[in-house]
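Hi,

Here is the structure I promised to pass on. Have a look, and then read on for what turned up in it.

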Amino acid sequence: MSTFMRGDYEEIKKGVLRDLLDGSFQKIFVKAWKGVGATALLREVAEAVETRGKGEFETVIKVVRPAPFGNPREMQRAVAEQLNLLSPSVTAAFDDADEDDDFWGEEFSSRDMVPKVKMEIYRAVKDHKVLLVLYNNIADAKLIDPNDLGILITKGLINNAAMWTSGMNISMEEAASASADFSATINSPNEEAALDLVYKEAVEIARYIDKSSAAVKYFVCDGILQGDDAAAWEIGKALAPLIGPIVNDQLLQYWQKELTSTTWTPRGKNKELLPPKTLLIDSTTQRDWAKFSSPSSSKEEESSYRWISVRSPQTNIPEPWDFFFKEYRGSVLSDVSSVFWHFKKTHEVALPDSFFDHFSNVRVLELLGCVVSPIGHSSFLRLRNLRMLRLERCKVITKQCSVDPTSLSLAQEEQREPIFFDNLWVLNLYNSDADAFLLAGKPFELTPNLLELDLTYCKGLEYLNFNLPATIETISLQRCASLKAVELVDPAEAPLPNLNTFRLSGSKLIAKLSLRGCHKLENVDLQELMGLEVLDLSCTAIKVVDISKLPQLKQLFLLGCEQLRRVAGLDKGPRLDVLYLDNYNGGDACDVDRCLDSFRNQRPSELTKGTNDADQRLLHAHMVVKDVRLFRSLHYAFPAALSRAKSCFHIHIKGSSTAKRGTNIGTTTRSALCYADVLNTMTDRHRRHHPSPPAMPLNNHIEVDGGHDSRIVEEIPFWDIMTYANSLFIHDNTSNFNMGIQFSDLKYFRIERCPNLEFIFHWSGAADSVESIWLSQLPRLKALHEYGRIRSGQLKHIYLEFCARLEYVLPSVSELHDLETINIRYCGDLKAIFNERGAAPQLLPKLTSIHLQELPKLQHIYKPNICAPSLEEIKVMGCFNLEKLPLFGRSDARSMRGVKINCEKDWWDKLQWDGLESNHHSSLFNPKHCPYYKKRMKATYL
């Protein structure tokens, strides 16, 4: 049963503090007055508890702020920060969770708490009596139970307490108070108290903005936020996230209804709130102008104004500037920082040349429905302090506008005056003739400090190839339907180094867009570009690329995008023909041309020739990826029937823990230390004789380079793509992965330097189409197949080396009709190549070459022996337990001498033979022996 209390600010503050200190209630909800006051009250109560109630509460956690948390995880992070728990491991847990959600495409507002951090919070507070002071408001109207944070509150058992408010989110007040056992409501007995509550909330906002980020352009441009330019922008950036969540129409209606002041002048029957030093001029009736103001002194003519707004719904009335400049002039206008000149309908008379003479100090100018000259016209020369210029529904007259910006700049240099528009930061054109106003982009040469360019509904704009200044941070091109080309990055010039945000929408004529090399570009919003076919975002800092609104996109280039987490929209957007992606190599080393040349030199094989082209999709995908989780979105780029599609993909996964060649990978894990004596010699011996690996890549090729986990076989989307690989190369991976993948058309697979790999395949028939097996430096490998079942009817080549624990290669020899070469080296435990038990020799009709080296336990290739009529070469070294050579199955004894045999003499002398009648005798061969004799290796070699 909840207890309720109402009162003014001080009464609620005293009552809540009293009940906390005497332990009367454990869950207290404070309801704000019209959304304000509660945040300040919670902070003051918490500070009072810290100073007066240390005997009651050992730990006070203050998570008080005037803006909603973006998600539960953000609130959890704030609690952990208050408890000084942001150690490297906890920070890493937050970062890992955020990163994983980025790859899944999880909405920011849906990101939940991290279980590991919850346990850390619980351990930190379990032995203390805790007071949690919380702004319990999540952006999507969720409420958080303190128990979910790891701070347990149980009446009669755990005496922790929590105090919270929903702040300005009035709609959540009922839900926020439901779980409380004490609810306190702040009331405002009079106008003065109401204003004091608003002031307290403003102080909380000011206190909070020191820790926020984003941008509020107007406050900075007008000079409301004081300080040098850099400091003003930092404060402005801090204020931005609060404007939307904190101040909304509902609250403004509350405050406007409840608050009145003598400084706010009534207009007609309605009350219009005008701050001090504001002048409003309006046409209330036809052919009539009226003014409303809040001057700073009784003599209006001698007063100065800060903000001036002129607006008119009429067009057939006297010119407003005639009325305006007759009434106001001189010092009255000298301090004006913002001018808003609005006509409901576009005016037919241009602003007079003398218009700007009266506003030399204006920092913000907004013109709506006016007729203006181009930006390069001399009338704009007066606006030397202009920071923000916004034109909406403005016509541009081009007659008598022959000013050359270059000559103007030279003239200014001669006069030693400031550069024209040197201070302009924000330029916004809405539904205006942008091309005429901007004189084809020439004035941008005279705006060296421009930060934002916003062109919206500018119908006459066809080409945007302006030479924008290097300072530009935001470019927005919205609904410019006639726009045909956007060339912001000149290949001959340096890209825009500070561009952070780019928006483009509503154009059907743009076929190609390149933002390559804009290294700070993080936000790209592209929508309804119905004709866009080629998009290049290479060498940018973008994390998410959304192409769902680009239905005709065919080619996507994302080279050097190190921060890339997701390519959204592939499941319901375009069907790509070309995808070039590299998020491993970036930064200063980003060389797009080199990457493109490398990719294009990888010519596909002839594997897809002869396939049916009907209803097939041709895809060329070349990717260098540092995290396979990226394929959670990328796998939608591949055709659904990939096995039948005429596609070509080359995928290179580069793990963060890639082992350098030549290092002792046997020491990478403790489990591999027992093989250090073998692995230490790998590098030197490997160089003495190393045959060339099979030709790679094939048509669909995957290479996995490095890594310390088994995500390559655990991420289902990447697993699906691996299924259709024709060639696979895995090396320097330190995890014990097992490929439970049913390969449909794998021809070549190669695995090297994976010290913890025990088995390769899991399913029977996992690689029926394999033609070449290449395994090297796998000290823990026990068998190719975990359950000993593998079919390899198309196998042609076997190459193994430095697989210390491998006892046999394949369980059966009966299906190897196409086997051509066997090359096995330095496999100390190998006893047999084929482990199948049989009664008769098996025929290997195409086997031409056998190389066996340093296999001290090898007893036989196949126990009943093999018959290899095509055998041309045998090389055996260090295999002293091997007792027989293969049968040759030849009737012509002379042909036996054509077989090249290279071996040690003492081993040759001890071989067992089937006799001359079987054409299997030492006298039929002409072996070549080594120039030295090798002692028999001891069993302790391994």
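A word on naming before the tour: helices (H or I, at least four residues) and strands (E, at least two) are DSSP runs, numbered from the N terminus. Keep in mind that this is a predicted model, where local features need pLDDT of at least 70 and side-chain atom pairs count only at pLDDT 80 or more, while totals for chains, interfaces and linings use all residues. Residues are numbered from 1 along each chain as its sequence is written, and side-chain values use heavy atoms, with hydrogens and water left out.

Let's start with two loops. K34 sits in the loop between strand 2 (27-31) and helix 2 (38-52), and its phi is near 50°, a positive value in a residue other than glycine. Most residues other than glycine have a negative phi. R479 also has a positive phi, of about 60°, although it is not a glycine. You'll find R479 in the loop between strand 20 (474-478) and strand 21 (485-486).

How covered are they? I call a residue buried under 20% relative accessible area, exposed over 50%, and partly exposed in between (1.4 Å probe, protein chains only). K34 counts as partly exposed because its relative accessibility is 25%, and R479 counts as partly exposed at 33%. L438, in the loop between helix 13 (434-437) and strand 18 (452-456), is buried, at 1% relative accessibility.

Now the charges. The structure holds 36 salt bridges, a salt bridge being a side-chain nitrogen of Lys or Arg within 4 Å of a carboxyl oxygen of Asp or Glu. One of them joins R43 and E204, with the closest N and O atoms 3.0 Å apart. R43 belongs to helix 2 and E204 to helix 7 (residues 191-208), so this pair ties together parts that are 161 residues apart in sequence. Both ends are buried: R43 has 16% relative accessibility, and E204 has 4%.

K200 and E44 form another salt bridge, at 3.8 Å between the closest N and O atoms. Since K200 lies in helix 7 and E44 in helix 2, the pair ties together parts 156 residues apart in sequence. Here K200 is buried at 17%, whereas E44 is partly exposed at 24%.

Which parts does the D100 and R632 pair tie together? The two side chains meet in a salt bridge (3.1 Å, N to O). D100 lies in helix 4 and R632 in helix 15 (residues 631-634), so the linked parts are 532 residues apart in sequence. D100 is partly exposed, at 23% relative accessible area, and R632 is buried, at 7%.

That pair belongs to a network of salt bridges linking E99, D100, R565, D627, R629, R632, R711 and E715. R565 is buried, with a relative accessible area of 11%, and its side chain reaches the backbone oxygen of Q563 at 3.2 Å.

Finally, D112 is in the loop between helix 4 (88-104) and helix 5 (115-125). D112 counts as partly exposed because its relative accessibility is 48%.

Cheers

Conventions
A polar contact is a pair of N or O atoms within 3.5 Å; within protein, one must be able to donate a hydrogen and the other to accept it, and residues adjacent in sequence count only if both atoms are side-chain atoms.
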